[in-house]
Amino acid sequence: MSTPPHISLSDFLDGANAWLNANTTPRPPSGALTWGEGSDRVSLFRDSSPEEERAQVEALLAWQRKKADAGYGSIAWPVEYGGAGLPRAYEAAFRQLEQGFVAPLITESVSISLEITAPTILALGAEAQKSRWIAALRRGDAMCCQMFSEPGAGSDLGAIALRATPDGDGWILNGQKVWTSGAQYADIGFLVALTNRDAPRQSALTAFLVPLKDVPGIDIRPLRQMTGGSNFNEVFFNDVRISDTDRVGAVGAGWAGAMTALGFERGSAATGGGGNGPDLFGRLVLAARHTGQLQDPLVRQ
C-alpha cells in the first residue's frame with residue numbers, strides 16, 4: 001500500500017485499525033495491577049535460550065516486513081528510503097494503536113537496528129550507505145548492531161582502544177567490543193574506533209559501518225548472563241580489513257556520531273517497548289502506594 005501524503009490522520013488511523021484487525025487480534029485487557037498478584041518480573045532482559053531468542057527475532061522481523069509491505073513499517077521516513085513520508089504524529093499514533101493488538105515480543109537486538117542504527121545512518125551516512133541499508137534495515141531484511149562498549153572502557157567512549165589503522169583505500173581493525181546486543185544476527189555493526197590516539201577524544205574517534213557476516217578476522221562470542229540468557233556478545237577484531245566507503249562521516253568525527261546514536265537510543269527508550277513488556281511504571285506506583293511512599297517528594301520525582 002502506498003499511503004498518500006495528503007491523507008488525514010483520522011483516515012490514516014481508520015485504515016491502520018482495519019489492517020491491524022485483519023492481520024492480528026486485539027490485545028486482551030491486562031486488568032488493574034494488584035499488590036501480591038501476578039508476575040513480579042521487572043527485568044528488561046530475558047532469559048531466553050539461543051533458540052528462543054532466534055525465534056523471537058525472526059517473528060519480530062517477519063511482523064516488521066508485513067507492516068512495511070502495507071505502508072506501516074516506516075511511516076515518518078523519507079519515501080526514497082522506503083518510507084511513507086508522513087508526519088511523525090502519524091507514526092506516534094500508529095504505535096499507540098498497535099499497542100492494543102497482539103504483536104511479536106520486541107527484542108532489543110531488533111529494536112536497536114530499527115530505532116537507533118537506522119536513523120543514525122539516515123542522519124550521518126553517505127548517500128550510498130543510505131540507499132544500501134536504510135530500506136533494508138527498516139523492512140527487516142537486514143540488521144545492524146551498535147558496537148561502542150569495550151572491556152577496558154565500559155561505556156566510556158573516551159577510553160575506546162579498538163584501533164582503526166589506515167591501509168591504502170581502507171582500514172585495518174584490531175581490538176574488542178563487548179555487551180553487543182544482536183551481533184550474532186547482524187549484517188553490519190555501527191562501530192566507533194580510535195583513529196588518532198594523540199588527539200582529544202572529540203576528534204580521536206571515527207565511526208564505521210562494519211560488515212559482520214563471514215568476514216575474516218571477526219569472532220562473535222555469546223556472553224552468558226546471570227538470568228541464563230545470552231542476549232549480549234563480545235566481538236573480536238583481528239586484522240579485519242574494511243573499505244573507506246564503510247566510514248560514516250569524516251575521519252575524527254566518531255564522537256559526534258556516537259552522540260547521535262545515543263540520542264536516538266534515549267528517544268527509543270522514552271517511547272517504550274510497544275506494550276508487550278512488564279508495566280514498570282505501574283508497578284513502581286503500586287509499590288509506592290503499598291509502602292505509603294506515594295506522597296514522598298523524592299519518590300514522586
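1. Let's start with a term: a residue is buried if its relative accessible area is under 20%, exposed if it is over 50%, and partly exposed in between, using a 1.4 Å probe and protein chains only.

2. A word on what you're looking at. This is a predicted model, where local features need pLDDT of at least 70 and side-chain atom pairs count only at pLDDT 80 or more, while totals for chains, interfaces and linings use all residues. Residues are numbered from 1 along each chain as its sequence is written, and side-chain values use heavy atoms, with hydrogens and water left out.

3. Now the overall build. The protein chain has 9 helices and 8 strands; these are DSSP runs numbered from the N terminus, with helices being H or I of at least four residues and strands being E of at least two. Its radius of gyration is 21 Å, close to the 19 Å that the globule rule gives for 301 residues, so the chain is as compact as a globular protein of that length. (That radius is taken over C-alpha atoms, and the rule is 2.2 Å times the number of residues to the power 0.38.) Along its principal axes, the C-alpha trace spans about 60 × 50 × 40 Å.

4. How is the chain tied together? Take the contacts (heavy atoms within 4.5 Å) with a separation of 6 or more: 74% of them are between residues 24 or more positions apart.

5. Next, the surface and the charges. The protein chain exposes about 15,400 Å², with carbon and sulfur atoms supplying 55% of it; areas come from the Shrake-Rupley method with a 1.4 Å probe, and for residues only the protein chains shown count as cover. There are 26 positive and 32 negative side chains, and the centres of the two sets lie 2 Å apart. Here Lys and Arg count as positive, Asp and Glu as negative, and His and the chain ends are not counted. Each charge is placed at NZ of Lys, CZ of Arg, CG of Asp or CD of Glu.

6. Have a look at Glu150, in the loop between strand 1 (144-147) and strand 2 (163-167). Is Glu150 buried or exposed? Its relative accessibility is 5%, so Glu150 counts as buried. A polar atom of its side chain lies 3.1 Å from the backbone nitrogen of Leu162. For reference, a polar contact is a pair of N or O atoms within 3.5 Å; within protein, one must be able to donate a hydrogen and the other to accept it, and residues adjacent in sequence count only if both atoms are side-chain atoms. Leaving aside neighbours within four places in sequence, Glu150 is in contact with several residues, including Ala161, Gln176 and Val178.

7. Asp156 sits in the loop between strand 1 and strand 2 too, but with 38% relative accessibility Asp156 counts as partly exposed. The side chain of Asp156 reaches the backbone nitrogen of Gly158 at 3.1 Å.

8. Pro166 is in strand 2 and is exposed, with a relative accessible area of 57%. Pro166 and Ala153 are 13 residues apart in sequence, and their C-alpha atoms are 23 Å apart in space.

9. Which residues other than glycine have a positive phi? One of them is Trp179, at about 60°, in the loop between strand 3 (170-177) and strand 4 (188-194). Asp239 is another, with phi near 55°. Asp239 lies in strand 7 (residues 232-243) and, at 52% relative accessibility, counts as exposed.

10. Finally, two loop residues between helices. Ala84 is in the loop between helix 2 (50-70) and helix 3 (88-98) and is buried at 14% relative accessibility. Gly125 is in the loop between helix 4 (108-124) and helix 5 (127-139) and is buried, with a relative accessible area of 12%. Not counting residues up to four places away in sequence, Gly125 touches Thr120, Lys130 and Val248.
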